[in-house]
Amino acid sequence: MNLLTVENISKSYGELVLFSDISFGINKDQKIALIAKNGSGKTSILNIISGKDSSETGQVTSRKGIKIAFLEQEPNLNPDLTIEETIFSTDNEVLKIISNYEQAVQNPDNAEQYQKAFEAMERHNAWDFETQYKQILFRLHLDKLHLKVGTLSGGQKKRLALANAILNRPDLLILDEPTNHLDLEMIEWLEAYFTKENITLFMVTHDRYFLERVCNEIIELDNNQLYSYKGNYSYYLREKEARMEREVVEQHKSKLLFKKELDWMRRQPKARTTKSKSRIDDFKEIKQKAHQRRSDHQVQLELNMERLGSKILELHNVSKSFDDKIILEKFDYNFSKGERVGIIGENGTGKSTFLNIITQKETVDGGKVVVGDTLKFGYYTQKGIHAKEGQKVIDVIREFGDYIPLKKGKQISAQQLLERFLFDRKKQYDFVEKLSGGERKRLYLCTVLIQNPNFLILDEPTNDLDIVTLNVLESFLLDFPGCLIVVSHDRYFMDKIVDHLFVFKGKGIIEDFPGNYSDYRTYESSKVIAEREAKNHSSEKIEKTSWKEKGVSKKLSYSEQKEHKQLEKEIQKLEEQKKVLHTNFTDPALTGDEIAQLSIELKKISDSIETKTERWFELSAILEG
């Protein structure tokens with residue numbers, strides 16, 4: 001069933017044409033991702049199909065009566081409302097029923113109001129939805145319902161808007177970078193939620209694991225042409241490569257044909273027949289195809305990095321806290337050459353503070369930070385670039401000099417450097433404020449790297465960067481000979497780049513884990529299994545010794561007791577299978593088809609674990625009660 005149709009839409013700003021005559025459709029239960037380079041107009045397309053903006057040509061038509069929700073990168077929320085009031089201010093009828101019931105519970109003297117509210121909850125089966133909405137808020141760390149929206153951080157506002165969009169139960173949910181401002185646990189929960197739910201999605205995201213596990217179709221906007229791929233991310237990669245090979249062959253054929261026709265044109269007399277005029281018209285089209293060029297330049301990075309000395313960076317008994325909140329407590333670590341560290345942890349555990357401490361932007365309460373004489377930091381922060389008013393792209397780079405030194409005594413002009421960062425000569429003279437979010441991030445990355453650091457610190461470098469730039473950045477970082485610290489919620493990026501992790505647990509606890517993010521998740525899953533087994537053995541011992549003494553009969557029936565124990569075994573077995581699959585994913589020799597098959601198996605196992613675990617908790621609660 002078609003929900004929305006896009007016909008021949010276009011968008012331009014002055015002489016800059018983002019896209020023109022774009023058409024596609026969205027059908028029920030599709031989970032579609034839109035992929036394009038930064039500056040191609042991805043957000044503009046989302047704004048047009050959501051009704052927030054209009055197209056210069058064509059039209060967008062939606063099925064009558066469908067509900068569309070749009071999660072923007074910068075959501076517009078009422079700052080005077082609380083989190084709870086924001087949730088209940090939507091058009092969702094069930095949420096209003098839940099709100100009325102909660103108000104009735106707070107006024108127990110009004111028995112009639114309570115009875116009406118209770119009956120409405122029963123009639124609309126709102127009990128399950130109330131549990132679900134509270135679970136969603138808990139998962140997104142929005143359980144302090146009394147907080148005013150105006151006091152929330154940008155990340156909290158984005159998560160609140162996400163919760164609102166999900167709870168509103170739209171027929172079509174449009175998402176602009178939904179994983180930005182989410183920590184890793186939240187991303188994995190959202191991924192599992194979207195995979196399991198029958199919901200129609202249209203999204204822009206750079207999270208490649210998210211694309212792999214959630215999407216069943218990918219639309220790519222490339223050189224103003226739309227290409228549809230009926231599969232996930234690995235299928236898209238495989239099919240795009242095949243398409244590019246076909247295009248090379250076709251262009252080669254066009255060039256041969258052009259050469260033949262050009263020879264014919266030169267030999268023709270001035271007097272033209274009707275037949276020759278038709279061939280001349282065809283020649284113009286052949287010439288256009290033969291001279292087509294792709295703008296597939298890649299970011300090329302060559303650093304003139306200063307060699308690191310024997311002493312790089314040392315932290316001795318470093319402590320830091322804000323009031324009662326402990327960030328570091330007597331933390332010791334010495335960095336070695338070529339070290340590649342990933343930093344993970346929930347929001348608010350002190351990751352950015354740690355980066356500011358080692359770059360000496362933040363003072364410590366105790367201990368000391370020792371920086372080597374030859375150390376030169378390159379610090380890419382979440383704040384991004386601070387361009388002056390009216391500053392052009394070229395002016396930002398010229399602040400570092402008209403010529404920038406490269407390896408082996410070479411140098412490059414500011415214009416040439418910007419071209420390597422995918423800014424053509426025309427774009428270089430655009431005002432910085434006109435750039436898209438991703439283009440601004442790319443320019444900022446350029447300013448960090450051209451200073452030739454030998455110790456790179458990247459705080460959420462993947463936010464707003466397109467997938468093409470991400471792949472090139474990853475290739476550069478794999479060859480980077482200096483030290484590297486990365487804070488990122490991009491699991492694909494972390495798995496590819498880092499060798500070990502600093503896991504920020506909160507309350508000053510930092511665990512040094514020897515492996516990448518997928519290794520860590522496998523390790524955490526095995527710990528959960530061990531803890532569950534220990535709890536089960538403990539419960540069995542208590543049950544054997546105490547239920548007769550207390551004279552209390554168990555509330556579970558014999559068949560339920562049997563089911564409870566069987567679930568333990570089944571969950572453990574599934575967790576072990578999941579661990580094996582995670583290990584298989586790290587095999588670099590995997591083909592796209594094998595990755596896709598592993599993803600399907602992983603989804604089935606994860607869904608089964610979730611279902612069985614919910615039932616296990618249900619039976620455990622009865623048993624413990």
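Ala120 lies in helix H4 (residues 111–123); helices (H or I, at least four residues) and strands (E, at least two) are DSSP runs, numbered from the N terminus. The model is predicted, with local features requiring pLDDT of at least 70 and side-chain atom pairs pLDDT 80 or more, while totals for chains, interfaces and linings use all residues. Residues are numbered from 1 along each chain as its sequence is written, and side-chain values use heavy atoms, without hydrogens or water.

Ala120 has a relative accessible area of 12% and is therefore buried (under 20% relative accessible area, 1.4 Å probe, protein chains only). Its C-alpha is 8.8 Å from that of Ile98, 22 residues away in sequence.

The axes of helix H3 (residues 93–106) and helix H5 (residues 126–139) come within 10 Å and cross at roughly 90 degrees. H3 is therefore roughly perpendicular to H5 (65 to 115 degrees). H3 contributes Val94, Leu95, Ile97, Ile98, Tyr101 and Glu102 to the contact (heavy atoms within 4.5 Å). H5 contributes Ala126, Trp127, Phe129, Glu130, Tyr133 and Lys134.

Strand S7 (residues 200–204) is mostly covered, with 5 of its 5 residues buried. Thr200, Phe202 and Val204 point one way, Leu201 and Met203 the other. In a regular strand, side chains alternate between the two faces of the sheet.

S7 pairs in the parallel sense with strand S3 (residues 31–35) over 3 bridges (pairing requires at least two DSSP bridges). Ile32 has Phe202 of S7 as its bridge partner. Strand S6 (residues 172–176) also pairs with S7 in the parallel sense, over 5 bridges. Here Asp176 stands opposite Val204.

How values were computed:
Axes fitted to C-alpha atoms, helices over the stretch in contact; angles between N-to-C directions. Parallel < 35°, antiparallel > 145°, perpendicular 65-115°, else oblique. Buried < 20%, exposed > 50% of the residue type's maximum accessible area, 1.4 Å probe, protein only.
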